[in-house]
Amino acid sequence: MTYSVVVPAFNEEEVITETYKRLTHVMRSMGESYEIVFVNDGSRDRTAQMIGAFCENDPAVRLINFSRNFGHMPAISAGMAYARGEAIFIIDADLQDPPEIFSQMAEKWREGYHVVYGQREKRKGESLFKKASAKFFYRFLRSMTSVDLPLDTGEFRLIDRKVCDAVNKLPEKNRYIRGLVSWVGFKQVAVMYERQERFAGTTKYPLRKMMSFAMDAITAFSYKPLKLATSLGFLMAVVSLVYLLIVFYQVIFTDTTIDGWASTMGVLLFTQGIVMMILGLMGEYIGRLYEEIKNRPSYIVQEVVGGEISSVSESFASEESS
């Protein structure tokens, strides 16, 4: 099989039919053998039933049903684990990333590139805050890690079989896929495109989830925040020493120390805030270690619909093929 298309989906009943139509049209026009692997991430609407109907009428469609909602990254990981193609496309179900540029990605792949990632030139239908925060995040993350993470990219990409197998073999549970794909190396190139508005439905990444996602990405690929905490602690020690010298001077040479309550409380509150921030940062890293040590699977597969698929990674799944 030449191509696999991995499509994570969570509560996408409003758009999933159009997604299937456009993906099928694009893949058929490429004239190569293919499969479309939908990963239902515990949807509570009719997403699973609708994809199941596609499977009944189209042998190229596969459906992986999770036992519950595990998240976007585990869904992509599952799709990669079950994909059988020599080249694997990864695309979200919301159609913000256009499948019509698959042919450009495939052309780059045939030229010898192992990873062809979509790089956003424009982002339509998004608020100014979302655009600005995304731009800041990508640049901040790149500055915090030694891994060469391309700017303004998501999971929308083509990866070669070698890259897919390499990422699948990585043992970590909390996965930041685009970071792992960059980390494993191989020959990579960008294809520029304009990100569209959602075809229908609502975003599955509100601000709270975006903040959590950003923290996962930073703690997964950088320990610089811990170094920053050390530097900040040293700076606060220097500032405290200077302030202590000022207090000694006031005690010996002036009579103004009685009025120092406000400044004392201000310094105490500020330093305690810094200490709590550092402890919280350390807690994030310790929490990640705790999750890895438990060694629980990233996802559990309830059933595979549309044919038997051989998984190449350990998912500890209970599978019922139908």
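Aromatic pairs are the theme of this tour, and a search of the whole structure finds 9 of them; rings of Phe, Tyr and Trp (its six-membered ring) pair if their centres lie within 6.5 Å, with planes under 30 degrees apart counted as stacked, over 60 as edge-to-face and the rest as tilted. This is a predicted model, in which local features need pLDDT of at least 70 and side-chain atom pairs count only at pLDDT 80 or more, while totals for chains, interfaces and linings use all residues. Residues are numbered from 1 along each chain as its sequence is written, and side-chain values use heavy atoms, leaving out hydrogens and water.

Select Phe38 and Phe54, a tilted pair with 6.4 Å from centre to centre and 50° between the planes. The pair links distant parts of the chain, since Phe38 is in strand β2 (residues 34–40) and Phe54 in helix α2 (residues 47–57), 16 residues apart; helices (H or I, at least four residues) and strands (E, at least two) are DSSP runs, numbered from the N terminus. Both Phe38 and Phe54 are buried, a word that means under 20% relative accessible area with a 1.4 Å probe, protein chains only.

Next, select Phe102 and Phe156, whose ring centres are 6.2 Å apart and whose planes are at 35°, so the pair is tilted. Phe102 belongs to helix α4 (residues 102–110) and Phe156 to strand β6 (residues 153–160), 54 residues apart, and both residues are buried.

Finally, select Arg68, which lies over the face of Phe70 at 3.9 Å from the ring centre.

Notes:
Buried < 20%, exposed > 50% of the residue type's maximum accessible area, 1.4 Å probe, protein only. Lys NZ or Arg CZ within 6 Å of the ring centre and 35° of its normal.
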